[in-house]
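Visitor: Before we discuss particulars, could you put the model on the screen and then take my questions in turn?

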Amino acid sequence: MKNINCFIPFQDEAQVSATIKNLKEQELVNEIYLLFAGEASSAPSEVNGCKVIAVPALNSTVAVKAIAAHSTAKYTLISTKYTSLSFVLFALERMECLIEDSGAAMVYADHFNQVGETRTNAPVIDYQFGSLRDDFDFGSVLFYRSAAVKEAAGRMDIEYNFAGMYDLRLKVSQRGVLEHVNEYLYYDVETDTRKSGEKIFDYVDPKNRAVQIEMEKACTEHLKAIGGFLRPEFTHIEFSNDPFEYEASVVIPCKNRVRTIGDAIQSALNQKTTFKYNVIVVDDNSEDGTVDVIKKFVGDPKLIYIAQDKSYHAIGGNWNVALHHPKCGKFAIQLDSDDVYFDENTVQKFVDAFYAQNCAMVVGTYRMTNFHMETIPPGIIDHKEWTPDNGRNNALRINGLGAPRGFYTPMLRTINFPTTKYGEDYAVGLRVSREYQIGRIYDVVYNCRRWDDNSDASLDIEKVNANNLYKDRIRTWELKARIAMNRK
């Protein structure tokens with residue numbers, strides 16, 4: 001039976017002709033509709049026997065409702081990219097079979113990316129309860145039950161220009177399962193060939209601000225619907241009750257950073273403050289000469305050098321040993337081993353911000369640079385999307401809270417970092433924000449170097465997926481905890 005209606009982004013006939021041909025060869029395809037983003041008067045009524053539907057934007061609520069209105073077959077296939085699609089033999093039959101067998105509301109699959117003559121595997125990851133990122137990679141083919149699309153579209157009472165498809169996914173997930181088919185079922189053309197380390201900052205690009213406002217709104221409404229929204233009510237902190245020998249500590253965890261650790265330590269030791277502070281360097285068994293560089297600074301009374309044993313620590317474990325050191329200050333302020341502070345006032349600004357904003361964590365603003373400290377795109381990352389009232393809810397959608405980060409040590413000693421080398425800071429930020437206000441510094445206080453040895457500079461797809469899977473797991477745990485807290 002012809003059970004599938006298909007919806008394909010349309011620019012011109014050349015762009016869709018191959019996809020239309022491939023879809024018409026599929027026995028299950030009923031109707032093919034072309035979504036044209038632009039003025040209806042400039043759109044053809046039909047191309048290659050397929051009706052053209054004019055919408056203001058492909059990801060708009062109008063587009064979603066138009067799809068729902070034309071989803072007259074049992075299933076709805078939505079293509080999300082301006083690329084040519086072709087399918088593995090019986091791929092659509094497989095999707096139909098699995099959406100029925102699993103009882104899912106939507107299925108999506110692993111696929112192949114084609115760039116010129118080069119074909120590579122493009123596996124995706126399982127969708128979780130906490131997979132709230134609006135940039136979650138489903139691939140370009142979404143295979144929905146039409147009933148789920150119609151039901152979700154019927155509950156859309158906010159009209160978005162950019163967040164309509166995101167809103168659809170969230171609303172469908174409230175009533176049904178989004179199932180990952182870990183089988184390679186189709187071929188797609190990859191047009192974004194940037195390195196993974198370049199893509200991860202897209203959401204803070206100023207040109208995307210209007211998009212982010214809508215995405216935050218859609219996510220916030222979703223959190224309200226599932227009981228995970230937190231009102232702006234925070235635990236008050238009395239800093240005066242905590243006696244510490246040092247007011248602040250700069251914490252520098254490191255492993256094999258011989259080229260940069262000296263700059264980082266000097267940057268920390270050069271700070272000018274009205275209070276007593278120290279610098280805690282935790283080396284995790286470096287083998288490249290990093291320790292020799294660190295030892296050049298041990299004569300400075302402000303420096304505390306910790307050499308880790310041979311057991312597993314990762315970045316989170318290195319942070320924990322610094323936090324629980326008896327000389328750790330009341331506030332622990334981050335400095336990565338390949339970065340430097342913007343000037344000598346960073347530590348002072350952090351401590352001032354803690355008292356002024358009565359918060360358990362402070363996040364600063366940083367400048368992206370190359371290895372030679374020259375500014376590179378996207379330049380200044382200030383995370384001005386954060387709001388005191390809704391920041392902790394929006395934190396479940398975005399992939400990070402910014403840098404550098406400072407923490408109120410007595411609070412953090414009750415939470416600790418997860419012992420991992422990726423996502424440890426995000427996990428702590430989410431946990432802190434569940435209970436406490438997070439403060440912000442919008443002056444540039446940090447230079448973040450991007451170079452080939454960064455941990456996320458250029459990762460293969462398996463590593464990117466593993467990182468995203470872990471962060472989604474962190475979100476899932478945090479979201480469940482927030483729902484449980486609200487129920488109490």
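Guide: A residue is called buried here when its relative accessible area is under 20%, and exposed when that area is over 50%. Please keep in mind that this is a predicted model.

Visitor: How many helices and strands does the chain have, and why can it be called as compact as a globular protein of its length?
Guide: The protein chain contains 15 helices and 19 strands. For 488 residues the globule rule gives 23 Å, and the chain is as compact as a globular protein of that length because its radius of gyration is close to that value, at 25 Å.

Visitor: Which residues of helix α4 are buried, and on which side or sides of the helix do they lie?
Guide: Within α4, which spans residues 146–154, the buried residues are Ser 146, Ala 148, Val 149, Ala 152 and Ala 153. They cover an arc of only 160° around the axis, so they lie on the same side of α4.

Visitor: Which residues are exposed on the other side of α4, and what covers the buried ones?
Guide: On the other side of α4, the exposed residues are Ala 147 and Gly 154. The cover over the buried residues of α4 includes two helices and two strands, namely α2 (61–70), α5 (164–175), β5 (75–79) and β9 (141–145).

Methods: Residues numbered from 1 in each chain as written. Predicted model: local features only at pLDDT ≥ 70, side-chain atom pairs only at ≥ 80, totals over all residues. Heavy atoms only, no water. Helix = DSSP H or I, 4+ residues; strand = E, 2+ residues; numbered from the N terminus. Rg over C-alpha atoms; globule rule 2.2 N^0.38 Å. Buried < 20%, exposed > 50% of the residue type's maximum accessible area, 1.4 Å probe, protein only. Arc of directions from axis to C-beta. Contact = heavy atoms within 4.5 Å.
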